[in-house]
Amino acid sequence: MDLHTLRYSAEKLWIRLEDNNQAIIGLTDEALEDYDELISIRLPAEGDEFSKDEPFGRLSVNTTGTGLRLLAPVSGEVVAVNEDIVDTPEAILEDPYEEGWLIRLDLTSMSEYDDLMTRDEYDEFIDEGFDDDSLDDSDEDEYDEDEDYDEDNDYEEDDYDDDDDDD
C-alpha cells in the first residue's frame, strides 16, 4: 500500500478514503512500535456513531491490562468492524495497513478528513515529537480486563478519564 494515499491523525491513526464518502481507520506503525504483544481490542458496533476526538475503542497491549484509548480522527457512523482483529489482535502488528484495519465509517464531515495530515506532514510530526494524549497507557489502573464488558456503555467519557495530571 502506498502510505502517501492515506491521511493521518496526531493520535497515530491512518485514514483511507473509500468510495461513497466512507473511510477505513487503522493504527500506524508508529502507534505500535513500542508493543510486541496485543492482548485484546474493543471496537464499536456497526451502527454506532461518534464525533471527532471521541473515544471509539481500546487496545490492551499486555497482560497487565495496559490499554491505549483510541480517539476518532473523524466523525461518522460505523458501517463495518474488522472482526478478524477482534478475534486475533496480533494481526494488527503483522499488517496494520491492510489486514489490521479497525473500522469502516460513513463520514459525516469531509472537512475533518481534509484537515488530517498528509504522509509528509505526518512524517514531520513524528520526527519533531508529539504530545501523545490519546494513545495513553497512564490510566492502566482504571482498566480491569476481567471487568464485565458492557457494550452499551463501553465508550462513555467516564471510561477514559483524563484527570490523571500529577503536576
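Two residues are in contact when they have heavy atoms within 4.5 Å of each other. With that in hand, we can start with the fold as a whole: among the contacts in the protein chain with a separation of 6 or more, 67% are between residues 24 or more positions apart.

Before going on, a word about the model. It is predicted, so local features need pLDDT of at least 70 and side-chain atom pairs count only at pLDDT 80 or more, while totals for chains, interfaces and linings use all residues. Residues are numbered from 1 along each chain as its sequence is written, and side-chain values use heavy atoms, with hydrogens and water left out.

**The overall layout**

The protein chain has five helices and nine strands. Read from the N terminus, the order is β-β-β-α-β-β-β-β-β-α-α-β-α-α.

Of the 167 residues, 46% are buried. Buried means under 20% relative accessible area, exposed means over 50%, and partly exposed lies in between (1.4 Å probe, protein chains only).

**The sheet**

Strands of a sheet pair through backbone hydrogen bonds, either parallel or antiparallel. Here, six strands form an open sheet in the order E1-E2-E3-E9-E8-E5, with antiparallel pairing. Two strands count as paired if DSSP finds at least two bridges between them. Strand E1 (7-8) and strand E5 (49-50) are the edge strands, each pairing on one side only.

| Strands | Bridges | Facing residues |
|---|---|---|
| E2 and E3 | five bridges | Leu17 and Ala23 |
| E3 and E9 | four bridges | Ile25 and Ile103 |
| E8 and E9 | five bridges | Ala80 and Arg104 |

Is E3 enclosed or open? Six of its six residues are buried, so E3 is largely enclosed by the rest of the structure. In a regular strand the side chains alternate between the two faces of the sheet. In E3, Gln22, Ile24 and Gly26 point one way, and Ala23, Ile25 and Leu27 point the other way.

E2 and E3 form a hairpin with four residues between them, and Asn20 in the turn has a positive phi of about 60°. Asn21 also sits in the loop between E2 and E3. This residue is partly exposed, with a relative accessible area of 36%. Leaving aside residues up to four places away in sequence, Asn21 touches Leu105, Asp106, Leu107 and Met110.

**The cores**

A nonpolar core is a set of buried Ala, Val, Leu, Ile, Met, Phe, Trp, Tyr and Cys residues joined through side-chain atoms within 4.5 Å. The largest has 29 residues, and Leu27, Leu43, Phe56, Leu59, Ile92, Leu102 and Ile103 touch the most other members. Among the elements that give two or more residues to this core are strand E3 (22-27), helix H1 (29-32) and strand E9 (103-107). A second, separate core of 10 residues includes Leu6, Trp14, Trp101 and Phe125.

**Helix H5**

Phe125 is also one of the buried residues of helix H5 (residues 119-128), along with Arg119 and Tyr122. Seen down the axis of H5, the buried residues fall within an arc of 120° (taken from the directions from the helix axis to the C-beta atoms), so they line one face of the helix. On the other side of H5, Asp120, Asp127 and Glu128 are exposed. The cover over the buried residues of H5 includes E1 and H1. After H5 comes Gly129, with a positive phi near 85°.
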